[in-house]
Amino acid sequence: MSDDGTPQDALDGGRTAPHDAPGREVAISLRAVNREFRRPRTSLTRPPAVVHAVRDVSLDILAGERFGLVGESGSGKSTLLRMISGLDRPTSGEVLIEGQPIHDRSPRQLGWLRRRLQLVFQDPMSSLDPRMRIREIIAEPLVAQGIPRGSRVDELLERVGLSTDAARRFPHQFSGGQRQRISVARALAPDPHILVADEPVSALDVSVRAQVLNLIDEVVEGFDLTLVFVSHDLSVVRHVCDRIAVMRAGEIVEVGPTEQVYTDPQHPYTRQLLASVPRLSEALAGRSAAELAARTRAALVAEGATDEDSAQRLAEEGARADGGHAATEDHARDQHRHQPGEPDTGGTSDRADR
Ligand SMILES: Nc1ncnc2c1ncn2[C@@H]1O[C@H](COP(=O)(O)OP(=O)(O)O)[C@@H](O)[C@H]1O
Ligand SMILES: [Mg+2]
């Protein structure tokens, strides 16, 4: 500890701590965190397979940082987030939130954590109870914490760009982008310090993705939050984060300021990821998923990706991420509702008839 109370490991700039932010508190600290899953036994003679989902991750995230975690599907991002959020416990290692250990606590002992840390998930349709009105959904964390709701719900709806009459409607009456705004409002309700978002825009159509990213940007700024943002898509993370960690097979292979990782990637895997992910702006410019896939695959092969399969897989993943939802129902509805360039904020008026 230094004289001004800054924990020493934030000052040393330890392996994964940023060095340009002296004096800020450590919001989240991970120390040699591992998580193994045992697969169900498929044979009487062989031992059950073990999946090492997170391997020896040590990391400090400072208060007010916008920290991104990227890596392809299955690299352990959600498992790490769940441990940060107290929803899962590490097999070994320590997790501290604002200096408090949570890795060895039961959910019952972590009531306080829900006031400090809130989550937004990928698919708002499955994370919002379809039978509850928006008012109840947003007030739920307040009720759970015994916080008087007052006019908080209306305030939060306005804060996320929805009109207050959204409160009496149900989740299915909104578009994908609007549902994610509702998830953000609910997360903000108990006035948390930390917002954890797991692929928050990956299920959304490209046309509304940037708007939801801007919203996250605004609330992180306005509510003075620490953000942990997970995505398999580097272009999305670049939009919101000031430092990123790249995960591969449970390990963090590279961590650094966002622009540095983009312009001067150190790890070959980061370079491969960068080559494979189409830029958000290109996707927004309306390139088709197939075109993007062909281009990224060609780029990987040209870069000397020895493994055709991995080039194909990464290219497909990039395309899925940026164009694969083009034909969803949400897309059709959002397209119908919004003129190009118009934010999907405000009105629910034309939804009343649906
Ligand atoms: N509850 C679980 N039981 C068994 N294996 C799991 C469980 N959760 C995650 N895994 C495995 O851990 C690895 C990492 O998964 P996950 O953290 O979901 O990755 P990501 O979010 O990066 O896609 C995967 O191999 C996945 O199959
Ligand atoms: Mg995941």
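1. Of the protein's contacts with a separation of 6 or more, 69% are between residues 24 or more positions apart; two residues are in contact if their C-beta atoms, placed from the backbone, lie within 7 Å. Please keep in mind that this is a predicted model, where local features need pLDDT of at least 70, side-chain atom pairs count only at pLDDT 80 or more, and totals for chains, interfaces and linings use all residues. Residues are numbered from 1 along each chain as its sequence is written, while chains are lettered from A and ligands numbered from 1 in the order in which they are written.

2. The protein has 15 helices and ten strands (DSSP runs numbered from the N terminus: H or I of at least four residues for helices, E of at least two for strands). Of its 354 residues, 44% are buried (20 or more other C-beta atoms within 10 Å of a residue's own, C-beta atoms being placed from the backbone).

3. Helix α5 spans residues 134–145, and its buried residues are I134, I137, I138, A139 and P141. Among the elements covering them are α3 (113–116), α6 (152–159) and α7 (176–188). After α5 comes G146, with a positive phi near 70°.

4. Now to the strands, which pair if DSSP finds at least two bridges between them. Strand β4 (residues 92–97) runs antiparallel to β1 (residues 26–38), with five bridges joining the two; here S92 of β4 lies opposite N34.

5. β4 is also joined to β5 (residues 100–101), antiparallel and through two bridges, with L96 partnered by P101 in β5. Two residues separate the strands of this hairpin, where E98 has a positive phi near 45°.

How values were computed: Buried ≥ 20, exposed ≤ 12 C-beta atoms within 10 Å, placed from the backbone.
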